[in-house]
Amino acid sequence: MIKKILIYFLLFVIILILGCNNQNLVKSENQELKEINENINMNSINYDNFKELNLEKDNIILKINGENLESKLPIYIDKNRYYLPLNEIINKLNGEIKKSEHTLYLNIDNMTYSINTLDNDVKCHSDEFTLKENLLTNDNNIYYISFSDFAHMLNLYTRWDKDNKIINCRITSNEILDNSNSINTEIKDNHIKENKNSTISENKSQIALIRLEDICATGQNYSKYYFENLRIIGSYLYDKNIPYHIAWIPRYINPSLNIDNDPLSNNTFELAEMVYTLDYLKSHNGIIGLHGYTHQFDKFESGAGFEFGRCEPSTKVFREKIEKAIETAKYLDIPIDFFEAPHYEITPEQNKIAEEYFKILYYPFNDYGIDKADLTKPQISPYNGTSLYISTPLDYVAEGKEEECLDRIKNSRIDNMGSVFFHPALDNRFIILSEDENGSPVYSYGGDSFLKRLVGILEGKGYRFAQVDEFI
C-alpha cells in the first residue's frame with residue numbers, strides 16, 4: 001500500500017515538473033514572439049510594394065524645420081484634408097517607427113510618441129489626444145495620417161503658401177516676440193488706462209462671450225495669410241484659457257469674380273487650409289458654428305450680403321440652405337454647436353425652422369421687437385421652450401472706428417452680457433510673419449492689438465469668459 005502511494009506521488013511530481021517546463025516553454029515562446037513583434041522596424045519597409053489608396057493625389061511640398069521632405073509615396077487629399085505617409089515622413093525626419101501589436105511607437109529627436117490603432121489614442125511627451133481622423137493603411141504596414149493629427153502630435157506651427165502649394169512647418173512652436181519686455185509693459189499700461197474709467201466688478205457671475213466673425217475661404221489674394229493669422233489669434237486665446245466662437249461661412253461665393261468655393265465639390269489647397277484651421281481651432285478652445293450657408297444673395301459677395309429675413313423670407317429656401325450647410329459640416333467632419341443668422345436678419349417663421357436644427361441661436365431674439373431681446377442672459381425660445389438665443393449687447397469693433405468702439409465697450413453696463421463679435425482681419429496689422437535662420441516660419445503678435453485690448457477691457461470689468469454650449 002505504501003509503495004503504491006509512493007509511486008503515485010512520484011508520478012504526480014514528474015507530471016508537475018513536465019507541466020511547469022511546458023508552461024515555461026510556452027511563456028518563453030510567447031515572449032520571444034512578442035519581442036520579435038516589438039522590434040518590427042517600419043522604417044525598412046519596401047515602398048516599391050505599396051498598394052495605392054483609392055484617393056485623390058496632390059502635389060504639395062512639405063517642409064519641416066527648414067528641410068524639404070520629398071516623398072516617394074504620394075500625398076493624398078480627401079474631403080479637403082491632406083494625408084501624409086507616416087512611415088516615410090518619420091524616416092525623413094531621421095526618426096524611428098516600430099509596431100507592437102496594435103500600437104505604433106515613434107521616436108523623433110529623442111521624443112517618443114505612441115498611436116493606438118484601435119482606439120486612436122495618441123500619447124506624446126506632454127499631451128494626450130484622440131486622432132481626429134482614422135489612420136489609413138494597406139496590407140504592407142504603411143500608414144497614412146491626416147495632416148491635422150500629425151501637426152497636433154508634433155506641435156507644428158504651419159505656414160501655407162497657396163501660390164506654390166508649400167506647407168512650411170516648425171516643430172515645437174513658441175511665439176517669437178521682438179521687444180517682448182516693452183510689449184508686456186505696453187499691455188499693462190493699456191489695461192490700466194482702459195480700466196480706469198470702466199465699471200470694475202469682482203463678481204464673476206456675469207458672462208463674456210467672444211465670437212470671431214465671417215470665417216471663410218475667399219479665394220482672393222488679400223487672404224493669403226488670413227488663416228495663419230486666425231490660428232495665431234486662436235493660439236493667443238487658448239494660451240489665456242479663453243473660449244471663443246467661430247462664425248463659419250461654409251461656402252464662399254463672389255459672383256462678380258466668378259468664385260465659388262464649395263467644399264462639397266472642390267478639393268483644393270486653400271480649402272484644405274480652411275479645414276486644417278477649423279481642426280486647429282477646435283482643439284484649441286474654439287467652438288464652431290454655422291454663419292448661414294453662403295452669407296449672400298443675388299450678386300453680393302459672401303460676408304457682405306444678407307441671406308435670409310427681409311431679403312429672402314422664403315422658409316423653403318431657408319430650410320434648404322440650412323440643410324446644405326449642415327451637410328457641408330458633416331462631410332468635412334466639422335462639429336457644429338450653434339447657428340448665427342447673417343446680419344441677424346431672419347423672420348419669425350425662419351426662426352422656428354432654425355430651432356428644429358439648433359439648440360443655440362447666437363443672435364438676439366427680435367421676433368417681439370428689438371427692445372424685447374434679453375441682453376442680460378441667454379433667452380429661452382417662446383416657441384419650443386428649449387432653444388436659446390444669445391444676444392451681443394456689446395455689438396462689435398468696427399473697422400476704422402476701433403478706438404471709439406473700445407471706449408464704448410469700456411464704459412458699457414456690467415449687468416448686460418459682455419457678448420461681442422470681432423473680425424479677425426482687424427488685427428492683421430499687429431501680426432508680423434517672418435522666418436528664422438533655417439527658413440522656418442515664426443511670428444510676433446503685438447500686445448496693443450485691438451483684440452488683446454478688448455480682452456483686457458472685459459477682464460478688467462470682471463466678466464467670466466464662457467462658451468455657448470455650457471448653457472444647454
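Gln 350, Asn 351, Ile 353, Ala 354 and Glu 355 are buried in α8. Helices (H or I, at least four residues) and strands (E, at least two) are DSSP runs numbered from the N terminus.

The model is predicted, so local features need pLDDT of at least 70 and side-chain atom pairs count only at pLDDT 80 or more, while totals for chains, interfaces and linings use all residues. Residues are numbered from 1 along each chain as its sequence is written, and side-chain values use heavy atoms, with hydrogens and water left out.

## Geometry of α7 and α8

Helix α7 (residues 315-331) and helix α8 (residues 348-357) have axes that come within 10 Å and cross at roughly 30 degrees. Because angles under 35 degrees count as roughly parallel, α7 is roughly parallel to α8. The crossing of α7 past α8 is right-handed, that is, the near helix is turned clockwise from the far one by less than a right angle.

## Residues at the contact

With contact taken as heavy atoms within 4.5 Å, Thr 315, Phe 318, Arg 319, Ile 322, Glu 323 and Ile 326 in α7 meet Glu 349, Gln 350, Ile 353, Ala 354, Glu 356 and Tyr 357 in α8. By class, this contact has six nonpolar, two polar and four charged residues.

## Cysteines

The count of disulfides (pairs of cysteine sulfur atoms within 2.5 Å) is zero. Cys 124 counts as buried at 14% relative accessibility, and Cys 216 is buried with a relative accessible area of 6%.

Notes: Axes fitted to C-alpha atoms, helices over the stretch in contact; angles between N-to-C directions. Parallel < 35°, antiparallel > 145°, perpendicular 65-115°, else oblique. Nonpolar A, V, L, I, M, F, W, Y, C, P; charged D, E, K, R; others polar. Buried < 20%, exposed > 50% of the residue type's maximum accessible area, 1.4 Å probe, protein only.
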